[in-house]
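Subject: Structure for your review

Dear colleague,

Please find the structure below, followed by an account of what was found in it.

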Amino acid sequence: ELGFAGDGEHFFDPRNSFLNSVIDRRLGIPISLSVIYIELGRRIGLPLEGVSFPGHFLVTLPMHQGAVVLDPYAEGTSLELADLERLLQRADQDGPVDGAHIAALLTPASLSEILIRMLRNLKGIYWREHHPVEGLRIQDLLLAVAPEVAVEYRDRGILKQRLGQFSAAAADFSDYLAREPDALD
């Protein structure tokens, strides 16, 4: 009713990951549209939950006999098992694509998991577009939310190195190696 839709034309536009822009433009990606969908649902009494499904963020509505799976990117369409199987295959997941495996993937994501996934989406966009300054801001946020994730120190070190911040990069690389002394890289 509010006109929110998936931005299939410019999927990797960073504005699709910033909630203020998504609200203003009424365009987003699966996770940003899901966050808005969840909040709107909660305000009217629906206990919606986010699901960090591989390759495509979804929303579930718990019911007495299971859950309804919704796709806010597709205007809130209710998904069947066959739809979820297609999404999983599109995400190039190895292993079984059966009901039990899919049910295990439909566990609710915590708020920090949602935030981390949103930040990693932005991280990927800025890395792909070679925007190290913006990427560094996102790396700092990722480390504020998930300071235990070793590879985020490495990645921040790479960005600092690209920006000529060599001492700070070396410190991040040292943190990475302290956390992952047997890392292959």
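The largest nonpolar core comprises nine residues, namely Val51, Phe53, Leu58, Val69, Leu79, Leu84, Leu87, Leu88 and Ile102. Helix α3, spanning residues 81-90, is the greatest contributor to this core, with three residues. Leu87 is in contact with Phe53, Pro54, His56, Leu58 and Leu79, once its neighbours within four places in sequence are left aside. There is also a second, separate core of eight residues, among them Leu119, Leu122, Tyr126 and Ile138. As a general point, nonpolar side chains in soluble globular proteins tend to be buried together.

Please bear in mind throughout that this is a predicted model.

Overall architecture

The protein chain contains eight helices and six strands. Read from the N terminus, these elements follow the order β-α-β-α-β-β-β-β-α-α-α-α-α-α. Along the principal axes, the C-alpha atoms fill a box of roughly 55 × 40 × 30 Å. The protein chain has 185 residues, of which 36% count as buried. Among its contacts with a separation of 6 or more, 43% are between residues 24 or more positions apart.

Val59 belongs to strand β4, which covers residues 58-63. Its relative accessibility is 0%, so Val59 counts as buried. Beyond residues up to four places away in sequence, Val59 touches Ser34, Tyr37, Ile38, Leu48, Glu49, Val68, Val69, Leu70 and Pro72. One of these, Val69, is also a member of the largest nonpolar core. The C-alpha atoms of Val59 and Ala109 are 9.7 Å apart, although 50 residues separate the two along the chain.

Ser17 is placed in the loop between β1 (5-6) and α1 (19-25). With a relative accessibility of 7%, which is under the 20% limit, Ser17 counts as buried. Not counting residues up to four places away in sequence, Ser17 touches Val22, Ile29, Met118, Asn121, Leu122 and Ile125. Of these, Leu122 is included in the second core.

Helix packing

Helix α2 (residues 30-43) and α5 pack at an angle of about 145°, and their axes are 10 Å apart. Their crossing is left-handed. On the α2 side the contact involves Ile31, Ser32 and Val35, which meet Ile114, Arg117, Met118 and Asn121 in α5. By class, the contact of α2 with α5 consists of four nonpolar, two polar and one charged residue. Met118 and Asn121, both part of this contact, are also touched by Ser17.

The axes of helix α5 (residues 111-128) and α7 come within 13 Å and cross at roughly 30°. Because angles under 35 degrees count as roughly parallel, α5 and α7 are described in that way. This crossing is left-handed. Arg120, Lys123 and Trp127 of α5 make the contact with Glu152, Asp155, Ile158, Leu159 and Arg162 of α7. The contact of α5 with α7 has three nonpolar, no polar and five charged residues.

The axes of α7 and helix α8 (residues 166-179) come within 8 Å and cross at roughly 160°. The two helices are therefore roughly antiparallel to each other. The crossing of α7 and α8 is left-handed. From α7, the contact takes in Ala150, Val151, Tyr153, Arg154, Arg156, Gly157, Ile158, Lys160 and Gln161, while α8 supplies Phe166, Ala168, Ala169, Asp172, Phe173, Asp175, Tyr176 and Arg179. By class, nine of the residues in the contact of α7 with α8 are nonpolar, two polar and six charged. Ile158 of α7 takes part in this contact and in the contact with α5.

Lys160 is found in helix α7, residues 150-162. Is Lys160 buried or exposed? Lys160 is buried, because its relative accessible area of 13% is under 20%. Leaving out residues up to four places away in sequence, Lys160 touches Leu136, Gln165, Ala168, Ala169 and Asp172. Ala168, Ala169 and Asp172 are among the α8 residues in the contact with α7.

Yours sincerely

Key:
Residues are numbered from 1 along each chain as its sequence is written. This is a predicted model: local features need pLDDT of at least 70, side-chain atom pairs count only at pLDDT 80 or more; totals for chains, interfaces and linings use all residues. Side-chain values use heavy atoms; hydrogens and water are left out. Helices (H or I, at least four residues) and strands (E, at least two) are DSSP runs, numbered from the N terminus. Buried means under 20% relative accessible area, exposed over 50%, partly exposed in between (1.4 Å probe, protein chains only). Contact means heavy atoms within 4.5 Å. Axes are lines fitted to C-alpha atoms, for helices over the stretch in contact, and angles run from 0 to 180 degrees between N-to-C directions. Angles under 35 degrees count as roughly parallel, over 145 as roughly antiparallel, 65 to 115 as roughly perpendicular and the rest as oblique. A crossing is left-handed if the near helix is turned anticlockwise from the far one by less than a right angle, and right-handed if clockwise. Ala, Val, Leu, Ile, Met, Phe, Trp, Tyr, Cys and Pro count as nonpolar, Asp, Glu, Lys and Arg as charged, and the others, Gly among them, as polar. A nonpolar core is a set of buried Ala, Val, Leu, Ile, Met, Phe, Trp, Tyr and Cys residues joined through side-chain atoms within 4.5 Å.
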